[in-house]
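Q: Please take a close look at the part of this model where the ligands sit, and describe in one connected account what surrounds them.

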Amino acid sequence: MPEGSIEVAVKLDMSLGESPVWSVERQTLYWADINNGHVYAWQPQVGGTPTRTELGEKVGCLALADSGLVAAAASGILRLPENGEPERLADNPEWQQAGQGNRFNDGRCDAAGRLWVGTIASDEASPTAALYCLDRGELTRRLPNVRISNGLAFSPDRRWLYHTDSLSRRILRYPFDVDSGTLGEGETWVDLERLELPGVPDGAAVDREGCYWSALYDGGRIVRFSPAGELVAEHPVPCPHPTMVAFGGPDLRTLYITTATQHLAAEGKARWPLAGSLLQMRTGVTGLAEPGFGG
Ligand code: BGC
Ligand code: CA
């Protein structure tokens, strides 16, 4: 596969592929189909069909854990052991009994093993969602007044936390203290409007050089920003709705890209046959090993 060319890794018909996460230890890529509540696991060196587990509710994002995974499902955060029953770690405070509330969405662990995870307003419009942090069993609200929490990532030196409320079309960064888990005052770091970029910032991954790779949902491309927030590369994707990226593979140089079909009508699906699949692109840079959940 030549560097920079995007091809299909696993042909799928997902509604909302999301949250790819690579385990160096297991040489396994995990990802979710949020809308169908599916969790996928796949070893590219082994190839073949990925395994698919049904969670029975929507699942916003995944994180690595000692044994298995942690999943931010719609109603709460679950530990999914490799063998055994899911264990509930925290309830989603925005999820009502009737199941009509705001579900969990994008998230990832920091280097200290805390899980940072946001919610998405059920109408995808009102500022009723938030970013939360699960730290040693306690879930606290850290950034309120969000509509669609996305793009959570950290700089390699751990000094910055990146986050976006997708509909704002801006990515913010917050001074971050990994020892205490505290955030300073946020500032606009990237403004898609100013850069004349289409779509909204969705999920992201940071590489070893500290650059931030962002999937532009409804923008049909992956963009790479320098630590200074400058646009340094643009990679068109063969579908309008890439959702998130993750570095993986034995050398951490393959960028895996999840995609969605949820906003495509029949014509759109016919025009973009790779929408809903897991895509991949070889890159000239190396990713960072994803920290796991520490309880
Ligand atoms: C959400 C989708 C949303 C997309 C673009 C994703 O993180 O799960 O529901 O459409 O972001 O904002
Ligand atoms: Ca997302």
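A: In this predicted model, ligand 1 is surrounded by 15 residues, of which Arg103, Asn105, Asn150, Asp202 and Gln262 are the closest. By class, this shell comprises six nonpolar, five polar and four charged residues, and two strands, E10 (103-109) and E19 (200-206), each supply at least two residues to the shell. Several side chains place polar atoms within reach of the oxygen atoms of ligand 1: an N or O atom in the side chain of arginine 103 is 3.0 Å from one such oxygen, while glutamate 18 has a polar side-chain atom 3.2 Å from an oxygen of the ligand, and for aspartate 202 the distance between a side-chain N or O atom and a ligand oxygen is 3.2 Å. Of the 310 Å² that ligand 1 exposes when taken alone, the protein buries 97%.

Because asparagine 150 belongs to strand E14 (residues 149-154) and aspartate 202 to strand E19, the pair ties together parts that are 52 residues apart in sequence. Both asparagine 150 and aspartate 202 are buried, and both are also listed among the closest residues around ligand 1.

Notes:
Residues are numbered from 1 along each chain as its sequence is written. Chains are lettered from A and ligands numbered from 1 in the order in which they are written. This is a predicted model: local features need pLDDT of at least 70, side-chain atom pairs count only at pLDDT 80 or more; totals for chains, interfaces and linings use all residues. Side-chain values use heavy atoms; hydrogens and water are left out. A residue is near a molecule or strand if one of its heavy atoms lies within 4 Å of it. A polar contact is a pair of N or O atoms within 3.5 Å; within protein, one must be able to donate a hydrogen and the other to accept it, and residues adjacent in sequence count only if both atoms are side-chain atoms. Accessible areas come from the Shrake-Rupley method with a 1.4 Å probe; for residues, only the protein chains shown count as cover. Helices (H or I, at least four residues) and strands (E, at least two) are DSSP runs, numbered from the N terminus. Ala, Val, Leu, Ile, Met, Phe, Trp, Tyr, Cys and Pro count as nonpolar, Asp, Glu, Lys and Arg as charged, and the others, Gly among them, as polar. Buried means under 20% relative accessible area, exposed over 50%, partly exposed in between (1.4 Å probe, protein chains only).
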